[in-house]
Amino acid sequence: MALNSGVKLFVLIGAAFAAVTAFWRAIHKNKRETGGGNPLGNPESPSKAPKSRLVEATSEATVIGGTSPPVAVSEPTFLVTKGEAGQNEVTCNDSVPLGVSGEIGGLADIVSPAAGGEHIHEVPVDQTSEATVVAEPELAEAVCGEHPPDQLTDTLLKDPDAQSLSVVPVEAAEKLASLQDATAERDTTPQPLQLTITSARQFSTVLENAVEKVSKGSHGETEEKGAARQNATTLPEEIPQPVQLTDVCDGQVLNGIDGTTEVEGARSGSCSEKPALRPVTEPLGSEAPTTPSTTPQAENGVVQADHEGDNLSAGASARSEESTTPERSAPESTEVGPIAARPSSEVTPIHKPGRPPKYKPSIRVSEATTPTLRNQTASETDGERTRSLGVLVHVAFDRRNRCRISLLPARNEDLDEVVRVNGQNGVESWNASQDEWFGDIVPANLGLLLEQGSIWQSIKYPELRWVLSGREIYVLAQNSTISAFVSTSRLSLQWDHLVLVNKRLERPAREALEDAGCSNLLAIDGEGGVPPGWVLFRNVRPTVAVLHDSGAGILNVLRPVHDIEIALRGGIRLGHANWLHRHPPQIRVNGATEPVEVLIDGRRAMDDGNGNHEVTGWDQPGKHIVFCCGVTQSYSLVGGIEDWEAFEAFTYQPGRRERGPSLAICGPLVASHNPAETVILSPSGNTCLLGSVPGQIVASPPRYEVSSREFLAIADFPVVWVLPAAPLQCDRSVAKIRLVNPHSPCSAPRSLTKAAHNVSLLWCYAILESSYKRLDIEPGTVEANALWQQYKSEAHRLKERLR
Amino acid sequence: MNVNDLLLWLSAKGAGAWSSYRAKVDEMIRIEELGNGNTEIDHDEDDGEEFPIYQRVRLNLECLGHVEFFRRDFPEGWRVVPPTLACRSGQNYAVGILCGARSDGLLDRITSYCSDLRIAVTVQDDCPDRIEIAAENQHQLQLLGYRAGIKVQSDAARMLLAAIPPIDDRQLRAPTELPFGDDWEVARFSVSTFEWKAAAADHARTASFGLYRFKLGYRPQYYAKLRGEAYKVPVQVGKYLFLRRARRHVISYNPAQQQVTMPVTCRPPILVDRALTLCEGLIPRIDGGRLTYQKVGEADASAAAALLRQ
């Protein structure tokens, strides 16, 4: 009796299990008929596929007692084929018609109400791991021969849930199989493996398998597997879910702090020697599959991103450093080397500039002690090694009081003279205007940029960018490095400002300015050169300090507070903080409404009555430090160049028909190329130049065909006299003997060469013929006449000797 | 703005790029000075637009021989001239105009060595102060230059006028081809009205004679067509070249007042301008649309006229 009851109980249990199985099968079939189909798009029957081996993974349960009603269950059919790359491709086709299976014959049909009256063949089902595949045993053996037991018995291959596999495309299934392969071989081949997840379902499958591997480590425990599957399949299929980067290391997958998945052990560095999986995620619904071959490989633990920034592959050490937030997968998050280390010839893709930041004014209230969001962003930027430079607003007025508003990109001295940037208006080239600034830019959509801000990213150095934070109010003040007004943080007491306000805030801005004591406001709108939608206030000189209010927002920039600023104005600034010695800057303290102590080089400075602070030695060469109320400013006084060299600014050759050396002009200086040559002015008729040494004689004709009274004569010796070229034929009333440089005549050497003999004779004849003609001497002084007599005597003696 | 400080800055730096000069002018100029420019000036380069102050200062610095701009070794920059006494002398006097670089130390040395000489400092707009040192003869000036470390150029104006070629010399023009394309703004110089009149680019290319301005952007280029050949010329050289061809005389000289005058648009080339300016040491006065150079000797005036083929 007991035995009979036990048999009945067992039969009931078996019938219940068969009913559940039939119910599940009916649901699955219904889904397939209503549009599921074979997502692989393979219309052929698996049995007709070439080189395919059909494995009917039907299980046969051990019949206990042999009286239980047989239940036929058509298990999903798995098609294992060889992929192109040699890996196994696993597909599932669960559309095998009922009754095809060879195990059905001889068994009674049952009708399951849940299946809509469909007859389901009853087959014995074995849920144990010892169950063997009895259908198509030769194919099963073949499959087992190609796949290790770990793989064949892995979750995916044993999973009866065909739907979870059927929606996975071929590529994804290939990757899944690769995942299994890699997981199985990770102990022997520690290679990083990439995995692309193209859908939430795929992600859930991967996650399921990974969890299964971690939690079990053995196959056949279907309860835990089913539970894991159930958890994993709770993700909705159609609703896009933000899939986070998932790290699988050592088979352990954990959720990150912010809901992301991270690998336990990776942060501790334990997986550095283990094969790592780094699935690359795409937003759900993305149609473009990711090809693993296009994913850059991690090198030296540094993450590299492709130009789109979608695919990432990482070395193990890199993953331990970077965050797994979606933003960090953007191009900006990639770790890059310093600017100087990047070769200039490297072709860098044009990166799209990000969203411009909104300006957040510094609100100086007592409770504002926590760091602002801007500081947090700055630290993050530091980690990314991104350099940001400012773009200021520059306003100048012409003589017609029409303003010119432009943008002024900041510059460092280590930047190139010309930079190419990519901004909202496309690629632009900026030329350096001075050490601190590039030239002004006036974009057509200036008004929009002022309001919304903009980012210009360097094309050569993507980590370098210029930022204009958008705001509704710009306060402009005079700057020590450039003329006119440039944007600054806020109003300062007793200083002239301009205020550029979006017209939406014109009225509250005017009220705020009036509260600050600005009485003679002058508003300039679009007709005066202001961009549309903006208004410019002139004559803004706040005289009353106004407390900041947290609720006033941007209007706080129009509330001048007692703000200490050390201003170095005037003097002759050579560059940055260096001033020319003896022309130091004026040291002023702005923002102090009551007397404050100013220290220069540690000594208390005195006010000279004009607001300038001085102390003994403040204007001496060297570096000086000014300190006031916690604010420090330094300046240096240095000397300039004192040794200036002449150079050839202009160089002219003689005229086309003349010959002679070229002349150089530098400022008022006129000189010959040869420093030994003498350049003198000579009367137009006096082309014969004489020196003090017999033989120093040269004829220097005019260089150009110009009818002037004087011409430039050049000789390679110190010229004493200039004489007419042909004294005996010249007009005595006009021609003169001109003394250029008084110098006594020298005696000729005793022995002369033939050439020296000839030129010495010429020297003598020129003097004697001029004397014979009785030409006047200029200047007609006694000394000049006496000197001429000396030359005349020397010429006589030498002529007698040389004869 | 204080151009003395600008000259000190230029001297302390020695040389630099045009952008640095322009930025320094922007930095040193006071806002209230922006509207005080002289509108009655040659508008060749800007053609009706106001002449920027940095250009005015640049021209003045060049005319006075303090700084050279855009020369062969620094086509986009400037370089300061070494301190030089540009002298002119008569029978009983010699006067030196301090040109070139200046520094506080240099001025101190000059002051200390000039106890027996007379130093006159004259303030002028948009220029460094004129520092004029008067002596009895050039020897005293040369001695001062030796002591203070200053170069001395005797008869500076006459030397300059004697050193430079006339305007029709081939060194002052370079054979070239006219710019290609139709997007140039072309104008032709009228020797009768001294104005630039719009012309077609094709007309300039086919013309055998005339001075043309090709403008694309902010920097114009000037070309002279002579016998069908195109030459690139400095604009003032080109103007006087075609004034000579048209036999128009625009320079006048008053020997009693020692003044050389000419229309503003016919300002002479830079070195002639410098020579005439250094006769007095002050930039030419602009009055009634004419430039007036003071204290120009008859010889200098005739030499300048000869160079300009007037």
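## Confidence first

Even so, chain B has a mean pLDDT of 90, and 93% of its residues reach 70 or more.

Chain A averages a pLDDT of 66, with 54% of the residues scoring at least 70. Its stretches below 50 include residues 33-207, which have 276 contacts in the model beyond near neighbours in sequence. Residues 214-348 of chain A are below 50 too, with 217 such contacts. For the model, ipTM is 0.93 and pTM is 0.56.

This is a predicted model, in which local features need pLDDT of at least 70 and side-chain atom pairs count only at pLDDT 80 or more, while totals for chains, interfaces and linings use all residues. Residues are numbered from 1 along each chain as its sequence is written, chains are lettered from A and ligands numbered from 1 in the order in which they are written, and side-chain values use heavy atoms, with hydrogens and water left out.

Two packed helices are described by the angle between their axes and the distance between the axes. Here, axes are lines fitted to C-alpha atoms, for helices over the stretch in contact, and angles run from 0 to 180 degrees between N-to-C directions. Helices (H or I, at least four residues) and strands (E, at least two) are DSSP runs, numbered from the N terminus. In chain B, the axes of H2 (residues 18-28) and H3 (residues 53-63) come within 10 Å and cross at roughly 115 degrees. That makes H2(B) roughly perpendicular to H3(B); the label covers 65 to 115 degrees, with angles under 35 counted as roughly parallel, over 145 as roughly antiparallel and the rest as oblique. On the H2(B) side the contact uses B:Trp18, B:Tyr21, B:Arg22 and B:Val25, and on the H3(B) side B:Ile53, B:Tyr54, B:Gln55, B:Val57, B:Arg58 and B:Leu61. By class, that is 7 nonpolar, 1 polar and 2 charged residues (Ala, Val, Leu, Ile, Met, Phe, Trp, Tyr, Cys and Pro count as nonpolar, Asp, Glu, Lys and Arg as charged, and the others, Gly among them, as polar).

The other pair is H6 (residues 156-163) and H9 (residues 270-278) of chain B, which pack at about 160 degrees with their axes 8 Å apart. H6(B) and H9(B) are therefore roughly antiparallel to each other. B:Ala157, B:Leu160 and B:Leu161 of H6(B) meet B:Val272, B:Arg274, B:Ala275 and B:Leu278 of H9(B). This contact has 6 nonpolar, no polar and 1 charged residues.

## A four-stranded sheet in chain B

Chain B has an open antiparallel sheet of 4 strands, in the order S15-S16-S18-S17; two strands pair if DSSP finds at least two bridges between them. S15 (252-254) and S17 (285-287) stand at the edges with a single partner strand each, so one side of each is left without a neighbour in the sheet. From one strand to the next, the twist averages 25 degrees.

S15(B) is joined to S16(B) (residues 259-263) by 3 bridges in the antiparallel sense. B:Ser252 has B:Thr261 as its bridge partner in S16(B).

In chain A, 5 strands make an open sheet of mixed pairing, in the order S39-S38-S41-S42-S43. S39 (697-699) and S43 (776-778) are the edge strands, each pairing on one side only. S42(A) (residues 736-739) and S43(A) run parallel, joined by 3 bridges, and A:Ile737 is partnered with A:Ile777 in S43(A).

Helix H14(A) (residues 782-802) lies across S41 (721-723), S42 and S43, at about 75 degrees to S41(A). The loop between S43 and H14 of chain A holds A:Pro779, which is joined to A:Glu778 by a cis peptide bond with omega about 0 degrees.

S35 (residues 663-666) and S36 (residues 669-672) of chain A run antiparallel, with 4 bridges between them; A:Leu663 pairs with A:Ser672. The two strands form a hairpin with 2 residues between them, and A:Gly667 in the turn has a positive phi of about 65 degrees.

A:Arg582 has a positive phi near 75 degrees despite being a residue other than glycine. A:Arg582 is in the loop between S26 (578-580) and S27 (586-590) of chain A.

Technical notes:
Contact means heavy atoms within 4.5 Å. pLDDT is the predictor's confidence in each residue, from 0 to 100.
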